[in-house]
Structure formats: C-alpha cells, structure tokens
Amino acid sequence: MTTLNIALVGNPNCGKTALFNLLTGSRQKVANYAGATVERKEGWFTTPAGRGVRLLDLPGAYSLNATSPDEAVTRDVCAGTYRGEAAPDLLVCVADATNLRLHLRFVLEMRALGRPVVLALNMIDAATRNGMEIDLPRLQAETGMPVIPTVGIKRDGARALLAQLDGTPPPVPTPLPPGTDLHAMVRQILADCVTHTTPLSDRVEERLDRWVLHPVWGPVILVVLLFLMFQAVFAWAQPLMDAIDAGMGLLGQQVGRLLPAGALRSLIVDGVIAGAGSVVTFLPQILILFAWILVLEESGYLPRAAFLLDRLMSFAGLSGRSFIPLLSSFACAVPGIMATRTIQNPRDRLITILIAPLMTCSARLPVYTLLIGAFVPHRTVLGFMNLQGLVLFGLYAAGIVSAVLVALVLRWRNADRREATLLMELPAYRLPNPRDIALGLWERARIFLVRVGTTIVSLTVLLWGLSSFPPPPAGATGPAIDWSLAGRIGHLMLPLFAPLGFNWQICVALIPGLAAREVAVGALATVYSLGSGTDTDQAAAQLGQMLPTHWSLATALSLLAWYVYAPQCVATLAVIRRETTSWRVVAVTAGYLFGLAYLAAFLTYHIVRAL
Amino acid sequence: MRLSDLPRGADAIIDSVNDTASNDPVARRLRELGFVPGEPVRIIATAPLGGDPMAVRIGFTRFALRRTEADRVTVHIAENPA
C-alpha cells in the first residue's frame, strides 16, 4: 500500500497540535518550509490496518484568505500549489467542538479546494461537559463531509479517526455555489445540529476571565505568576545544578586518574569536561524556564497576559503581541525571534526582533552567576533584600529599560506610520497536557544538548588547543598560556578592550562566546586552569574563588555591563538573518549591540574606578 | 454607536463593520472572525491603564482588540441580552 499524505488543518487553538502529537508520538520532524520562515511539522504513523501515513501539521489559519505568512503556507499547501510539497491526499480539518461558530466557517471554506476532507470534531468531551449536544449525522449531512469525534488529549481519542483512515476514502465534497454567505450557513447549521443546555455565561472561561482580565486583579495575577517563574528558575533549579556540577567535577577527577599526565589528559579534563560541564550545569534552569513558558502557552494564559500588557507595550511603540516573543527571549533569543512570526505588523515584528537580544537570556546567567557570586558580597540590604539578588535584578532591568529606549528610537526613525494592530483571539482555558509539555521540553533539551555536544565541545577543544600550543620555550618563565596562540590573540585584542578594564584572559574568553555566550565561563575556566598550573580539574570549580585575586571590582562590573548587551551570539544573528532574510538587519543588530555594550562597559568601569 | 463606545459588561448587536481604507485588512479579518451584522457581542473586559484594549465575546469566542480596531464596528444595545 502506498503511503497516505494527510494534512491537518484548522483554526489556531483548535487542538490540532495535541491531535498531531497523539497520532505521531515522538516520530516528528520540525523544520522550515522551503523558502519561508514558517515552521513545518511532519510526523509518521501506521494505522491499525498497517497503512503508512505521513502527517503534516499545517499552521493554524482563520481563513484561506491569508493575512500572514503562516496562513499563506496553509492556503498553498491545501491547494497543492506550494512548491516542493506534495499535494495532500486527504485534508483532516480539525474544529473545536466548543467553538464551532468560528471554526465551521473555515471548514466550509475547505469545500472549495476539490480535495477529500474529513472533519475532526475535536474536544468533543469538553463540548459535552459544557452542556452541548451535537447531532453528528445531521452535521455530516449539512457540512457535506464525514464528521469524526476526536479527543486530542485522551490516549484513544483518535480511534474513530484511525478507523476512518482504514475504511473507504471519503469523496471530494461538492463546492458551495460562489457567493455563499458562509456565516449565514454556519448559523443555520448550528441552529439545526447543536442544542445548548447550559447558558454561555456559566462557562469556565467566563468565570475565570472575570478575574484574569480584571483591571486590578489581572495585573496582580500576572506579576505573581512572573515572580513565581523567576523564583523557580533561580531558586528551585539550584539543587539540580549543584548535583550536575558535583557530578562533572567527580567525572573530571576519575578520568584524570585513569589517563596518564600529558596532552591527552589535559585535553579531556581541561578542555572537554571542564568546558562542557560548566555549560550542562545550566540545563535545569533552561528546562524550568521553558516548562513555565510552555505551560502558560498551553493553558491559554499567554494571550491574556498580552491583553493586559498591550497598553504598557504601546508606550514602547509595540503591541501586546510582542510580549510572548520577548518573554521567550528570557530563555533564549532564538525561539523568541522565531515566535515573532505571530506578529502581523512588519514594523512591530522588526522592532521586536531587534530588541529581543536585550532580554537577558539564560545563556547569560552562567556569566552573571559566576561574577556576582565572586564579586558582590552576600549581604542583606534594607533589612530584607539580598544584595546579590538585587544586582541580578538590576541587570535584568537594565536589559528591559534599554530595550524600551531602543524600541522608541527605532520607531521614531521608522517611516512606517501604519496603525499597530492587536486583534487576537483569547482562546479557551485548557489544562496543559503533560504529553505535549514533555514533547516540547524534550525538543528543547535535545537542541541544548546537541549544541553542548557539538558546537560547544568543539569550541572548547579548539580553545584548549589555542591555549596549549605552542608550548613555552625551555627555560621560559611565567604561565604557559602567555606563550600560546590564545595568549597572543588576547594580547592583540587588548588595546581595543583595555579601556573597558578587560585583561587579555577576558579577551580570549570573548572569542568562543561568539558561538554561545555561556561558553565564556567554560573558556575562562580553561584559560585560568591552564594558566595557573595548579591541579587542573579543581580549577574550573574554583574559578569563582580565584577571580577576585585576578580582577578588580571595576573590571568585573564592566564585564557584567558588557554582558547586558553581549552582541556576541552567532546563533541569534543567524536566526535574525533567517527570519528577516536581510544582512542589513543583522549588521544593524550586531552594530548597535556592540556599541551599547562598549559604551556601557566603558562607563561602568570608569565610574566604579572613580568612586 | 461604535463597539469602542460600549462600557464593560454591555451587550450589543452588530450593525456593520466599516472599512477605514479601501480593502482594509483589519475590517476584512474582523468579518472573517464573525463580526457580521446581527451577531450579539458582549464587552467582557477592558484593560488596565485607560481601558484599551478591550476583550469582546462574540459567539463562543473571545477576542482582544484595540479601540482603533473596535472603532470599525457599529452596534446597537441589545434589548434582550444573551
């Protein structure tokens, strides 16, 4: 039997992705559509009768009359005109049974395509709970396509759909006469097929929204949620991070004992384990942050947060829609910039992309944590606040304030004076489905670990090589690294960075930081452990205690200020290039971030020294 | 009256959606989302700091829209609130 090509289509928030995850499990591939910056999700499964199916999860769309790049992809793939995509053999149109008035209109649009269509009436369980009775045979007759009830969040919720795929293929529906009033038709279908036994105002959404969208309680709830989120990232992750850190230290010691002293031991222990280990430690923080964002997204809360913050964002010339990408940027600017695809206004989208790198991403945390721990005294100020926490908060705030200022400048410079739009659905609240969260987290963890395993390890090894060779000549005095290539590069960069108070070791660490900011910590560990000539596997762990003897407070604070802007992240610049298809935007981003970083570090260094 | 003139909790019926320019994408999208004559709407919330944007329930769906977007929709107060 040949493989069946199926496309899942439907409105945003119809539960399409949950159904996709249910059908395909972890046999998924996420990429981009050829020539577009739209995420392409494909998966595979086998029906009970043994038929192979290739399932494409198309971007959610309200209409075939596209208003965004996502909707244009959906339109073209459904029509079979997208270059490089096989025309689907069957469209499975997913509609939320509790929101048929909106979703049925799009379902009816499908009839014009001339392809077999099946209507998956999703979340049928929620409809029953909401007191809705739906006459399925009648709905099937009036929509002109097979109607199959599904529950995307239940283990066997797609059984009827699978049975349909194994049965006789559905016919191509007859197109509606041109000029049909789809809204009127939907109204008629609903009147014929759906009976309500519970009034609308008693629904969960209505009761919850009275609090969540309340002008006073809404913002209070939002602040509490964000506070809990940051608390979780910084406090709850600590035991896990300590455990990984200890495990890596132990691993270094054990491996160090097994290998004979020499270049190989130095490479494995100083290069690979010390370098990668210092980065893997941050996995718990990154996962906790992503878990929060995924839960807030799945539950339907994020668009409400965007609603509450729209006014605030409009002061910076943006809309509430920018809130979600910017919040994700606290985890990492790469998914944040990718999330700007939901912003329809091109100007708002561009500004959001440009300021996303100013949100303090989790990769900067290793640097912040290390420097704050080493240089800021652990003491209480104003009776209840921790000075270290306060400095960390200040660094986050500096990023946000800079982002607002940059956004205002960009908006003022931009000639596009078109109206900013918000128009956004506030979807039904949903209990986040553990499987969907787990799949999302697994994807994140995989990306992170692959990065550690490839880019970061190879960079640390390269850096180790640069720092170890050539070896110092016989009879040389001073640390060996002074004689190495890295030392020479660091010395060459020094004239540019000396005004910021940076020494050549920092300059060396800035180079691999280009690939991934968090590598700077591993790089400092490598540079100092090789330079100190002490028991090397201990050096990485002792970096925090060692730095104050090498750097002044002004240097440390200057490096912190540098990292608020930290232009050196190739991954961010690459994703900006991919999302905007413009090298100019990449150059503007890198240029302004470098300028601000230099200025801020310069000012910090000289002000602290003067005090 | 316009949708943007309604206070929180008000129920109304849509009269029309008007383009502010020719082929206005916002007006077109509003119509596709179900803002069509005869449809009942309710203002379920207004945002902090000046009541802009507003959250509107139409049918089973809730939408957030800015006042400039809601300006395009003319309504009359419903006599028998849904």
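This is a predicted model: local features need pLDDT of at least 70, side-chain atom pairs count only at pLDDT 80 or more; totals for chains, interfaces and linings use all residues.
User: Let's start with A:R411. Which helix of chain A does A:R411 lie in?
Analyst: UniProt, in an unreviewed entry, lists 387–410 among the transmembrane regions of chain A. The span 387–410 of chain A is 100% helix and 0% strand, with end C-alpha atoms 34 Å apart. A:R411 belongs to the helix made of residues 387–413, which is α18 of chain A.

User: Is A:R411 buried or partly exposed?
Analyst: A residue is called buried when 20 or more other C-beta atoms lie within 10 Å of its own. A:R411 has 17 C-beta neighbours inside 10 Å, so A:R411 counts as partly exposed.

User: Which residues is A:R411 in contact with, leaving aside its neighbours within four places in sequence?
Analyst: A:D348, for example, is 63 residues from A:R411 in sequence, with 8.7 Å between their C-alpha atoms. Contact here asks for C-beta atoms within 7 Å. Leaving aside the neighbours within four places, the contacts of A:R411 are A:G317 and A:I351.

User: How many of the 10 residues of helix α3 of chain A are buried?
Analyst: Helix α3 of chain A covers residues 100–109. Its buried residues include A:L100, A:H103, A:F106 and A:E109. The helix is largely enclosed by the rest of the structure, because the buried count is nine of the 10.

User: What covers the buried residues of α2(A)?
Analyst: Helix α2 of chain A spans residues 69–79, and its buried residues include A:D70, A:V73, A:R75 and A:C78. Just after this helix, A:G80 takes a positive phi of about 80°. Among the elements covering the buried residues of α2(A) are two of chain A, β1 (4–10) and β5 (90–96).

User: Now for where the chains meet. Which element gives the largest share of the side of chain B that touches chain A?
Analyst: The contact involves 28 residues of chain B and 29 residues of chain A. On the chain B side, the elements giving two or more residues are α1 (25–32), β2 (40–46), β4 (61–65) and α2 (67–70). By class, that side has 16 nonpolar, six polar and six charged residues. The largest share, five residues, comes from β4(B).

User: What is the bridge partner of A:M424 in β4(B)?
Analyst: Strands of a sheet pair through backbone hydrogen bonds, either parallel or antiparallel. Strand β12 of chain A, residues 424–426, runs antiparallel to β4(B), and three bridges join them. Within this pairing, the partner of A:M424 is B:A64.

User: Which are the edge strands of the open sheet?
Analyst: The sheet has six strands, in the order β12(A)-β4(B)-β3(B)-β2(B)-β1(B)-β5(B), with antiparallel pairing. Neighbouring strands are turned by 40° against each other on average, direction ignored. An edge strand pairs on one side only, and here the edge strands are β12 of chain A and β5 (73–77) of chain B.

User: Which domain does UniProt list for residues 1–77 of chain B?
Analyst: Over that stretch the chain is 16% helix and 38% strand, and the end C-alpha atoms are 9 Å apart. The name comes from an unreviewed UniProt entry, which lists residues 1–77 of chain B as "domain: Ferrous iron transporter FeoA-like".

How values were computed:
Residues are numbered from 1 along each chain as its sequence is written. Chains are lettered from A and ligands numbered from 1 in the order in which they are written. UniProt positions are given in the numbering used here, feature names are shortened, and annotations may be inferred rather than shown by experiment. Helices (H or I, at least four residues) and strands (E, at least two) are DSSP runs, numbered from the N terminus. Ala, Val, Leu, Ile, Met, Phe, Trp, Tyr, Cys and Pro count as nonpolar, Asp, Glu, Lys and Arg as charged, and the others, Gly among them, as polar. Two strands pair if DSSP finds at least two bridges between them. Axes are lines fitted to C-alpha atoms, for helices over the stretch in contact, and angles run from 0 to 180 degrees between N-to-C directions. A residue is buried if 20 or more other C-beta atoms lie within 10 Å of its own, exposed if 12 or fewer, and partly exposed in between; C-beta atoms are placed from the backbone.
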